[in-house]
Amino acid sequence: APFGALPSKSQCLFSFPGVVSDLEPCFAVSAGHGQNLVTEDVTVVEGDVATISCRVKNSDDSVIQLLNPNRQTIYFRDFRPLKDSRFQLVNFSNSELRVSLTNVSISDEGRYFCQLYTDPPQEIYTTITVLVPPRNLVIDIEKETAVEGEEIELNCTAMASRPATTIRWFKGNKELTGKSEVERWSDMYTVTSQLLLKVGREDDGVPVICLVDHPAVKDLQTQRYLEVMYKPQVRVSQNYPLQGLTREGEPLELTCTAFGKPQPTDMRWLRVDDEMPQHVVVSGSNLLISNLNKTDNGTYRCEASNAVGKSHADYMLFVYDSRAGEDGAIRSVDHAVVGGVVAVVVFAMLCLLIILGRYFARHKGTYFTHEAKGADDAADADTAIINAEGGQNNSEEKKEYFI
């Protein structure tokens with residue numbers, strides 16, 4: 001063909017001798033208007049299988065071929081001139097050329113070209129992206145055993161991944177924040193995340209988890225269990241009496257319990273600001289007073305220690321009179337009885353006052369009514385007074401004598 005002229009389809013087919021480079025000039029022109037080829041980008045994990053599909057929307061029996069990033073022909077129709085057995089034909093027809101690539105590596109990444117022998121020729125490309133999961137995931141801890149209150153450093157490293165991975169930290173179910181650094185080696189990335197953690201006794205035995213977020217892998221994580229040493233936790237409990245007052249003449253038994261890491265080996269009882277009474281019996285973690293008296297009043301302390309430190313718990317003893325509880329109960333009963341009697345008396349007096357009030361009100365009305373009888377028919381006021389029932393004259397007329 002003359003210089004600058006586009007070779008015809010027949011010329012391309014005729015000139016194909018099985019040498020890849022001879023075909024390249026035939027497909028150097030990309031199609032513009034009326035593109036008839038369809039393909040998609042491919043993302044694959046290293047070592048897996050990538051499938052490339054070149055499809056024709058409206059087939060006219062034109063020839064389809066697939067080229068690699070170096071523009072070497074992988075498949076021409078159903079013929080594979082490239083001597084790489086990892087490429088296998090999955091499907092060939094007038095409308096599709098589908099090829100698989102097994103055991104994908106980083107070197108396979110790039111653009112692959114789908115070409116269609118039309119007039120003018122058409123070409124599109126698909127991109128293969130290769131993902132590489134981290135080769136290794138390791139947690140390094142500054143101290144295998146930490147002491148409560150210390151700040152320790154943990155480092156998690158995800159090596160040789162593509163793209164760079166994201167590292168997340170968890171302590172139990174709680175997510176923590178670390179600080180990450182990324183190093184690039186050729187086409188690979190190594191990420192190291194640092195976590196500073198102040199530990200307490202509640203962290204002992206809790207797992208610290210390093211988890212990877214990466215598109216090539218799911219649920220990739222590693223963990224280390226924290227070992228934290230802490231001073232004892234001390235508690236004093238009263239065994240006897242279980243309930244009620246500590247009274248004269250009765251016994252008292254106390255027990256001291258202590259937990260720590262390492263487990264406390266030294267435990268002792270003492271009396272705060274005073275000497276321990278001679279009749280007090282101490283047996284290991286127990287303290288016994290068989291016959292309480294008021295001279296025993298005071299604060300009794302249990303101390304426990306281990307390699308980390310010392311802790312204590314106090315018990316305040318107050319000895320009551322021997323009948324303190326009984327007298328209080330009797331007084332409570334007496335007060336209840338007296339209160340009930342007073343309530344009954346008050347209620348009876350209120351009822352009596354109501355009855356007397358109604359009685360006096362009724363008799364006062366009768367007196368006023370009778371006083372006016374006989375005065376209604378009088379001609380004037382004087383006559384009414386004279387004729388009124390209960391007047392002086394009338395009173396004398398009403399007198400009766402019995403012999």
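Which residue in β16 is the bridge partner of E151? The legends below work through a predicted model, and the answer comes with the second view.

**View 1. Confidence along the chain.**
The model is predicted. Mean pLDDT for the protein chain is 83. Of its residues, 77% reach 70 or more. Residues 1–33 have pLDDT below 50. Beyond near neighbours in sequence, this stretch has 39 contacts in the model. Residues 367–372 also stay under 50. For them the model has 3 contacts beyond four places in sequence. Where pLDDT is low, the predicted coordinates should not be read in detail.

**View 2. An open sheet of 4 strands.**
The strand order is β10-β12-β16-β15. Pairing here is antiparallel. The edge strands are β10 (136–141) and β15 (179–185). Each of these two pairs on one side only. Neighbouring strands of the sheet are turned by 15 degrees against each other on average, direction ignored. Now look at β12 (residues 151–161) and β16 (residues 188–198). They pair in the antiparallel sense over 9 bridges. Here is the opening answer: the bridge partner of E151 in β16 is K198. Strands of a sheet pair through backbone hydrogen bonds, either parallel or antiparallel.

Find N155 in strand β12. Is N155 buried or exposed? Its relative accessible area is 19%. Buried means under 20%, so N155 counts as buried. What does N155 touch, not counting residues up to four places away in sequence? The list is V138, I139, D140, W169, T192, S193 and Q194. S180 gives a distance to check: N155 and S180 are 25 residues apart in sequence. In space they are 9.4 Å apart, C-alpha to C-alpha.

**View 3. An open sheet of 5 strands.**
This sheet runs in the order β2-β9-β8-β4-β5. Its pairing is mixed. β2 and β5 stand at the edges, each with a single partner strand, so one side of each is left without a neighbour in the sheet. On average, neighbouring strands are turned by 20 degrees against each other, direction ignored. β2 and β9 pair in the parallel sense, over 4 bridges. V42 has I128 in β9 as its bridge partner. β4 and β5 run antiparallel, joined by 3 bridges.

**View 4. The hairpin of β4 and β5.**
The hairpin has 5 residues between its strands. R71 takes a positive phi near 60 degrees in this hairpin. Which residue of β5 does L66 stand opposite? It is Y75. In a regular strand the side chains alternate between the two faces of the sheet.

**View 5. The largest nonpolar core.**
This core has 27 residues. Those with the most contacts inside it are L66, I74, F87, L97, Y112 and I128. Several strands each supply at least two residues, including β2 (42–45), β4 (64–67), β8 (110–116) and β9 (122–131). The largest share, 4 residues, comes from β3.

**View 6. A closer look at L66.**
What is in contact with L66 once its neighbours within four places in sequence are left aside? Among its contacts are I52, C54, I74 and Y75. L97, V99, Y112, F113 and C114 are also in contact with L66.

**View 7. Aromatic pairs.**
The model holds 3 aromatic pairs. One of them joins F76 and Y117. Their ring centres lie 5.6 Å apart and their planes stand at 80 degrees, so the pair is edge-to-face. F76 lies in strand β5 and Y117 in the loop between β8 and β9, so the pair ties together parts that are 41 residues apart in sequence. Both F76 and Y117 are buried. F318 and Y320 also form an edge-to-face pair. Their centres are 4.8 Å apart, with 75 degrees between the planes. F318 is partly exposed, with a relative accessible area of 48%. Y320 is partly exposed too, at 32%.

Conventions: Residues are numbered from 1 along each chain as its sequence is written. Side-chain values use heavy atoms; hydrogens and water are left out. A nonpolar core is a set of buried Ala, Val, Leu, Ile, Met, Phe, Trp, Tyr and Cys residues joined through side-chain atoms within 4.5 Å. Buried means under 20% relative accessible area, exposed over 50%, partly exposed in between (1.4 Å probe, protein chains only). Contact means heavy atoms within 4.5 Å. Two strands pair if DSSP finds at least two bridges between them. Axes are lines fitted to C-alpha atoms, for helices over the stretch in contact, and angles run from 0 to 180 degrees between N-to-C directions. pLDDT is the predictor's confidence in each residue, from 0 to 100. Rings of Phe, Tyr and Trp (its six-membered ring) pair if their centres lie within 6.5 Å; planes under 30 degrees apart count as stacked, over 60 as edge-to-face and the rest as tilted.
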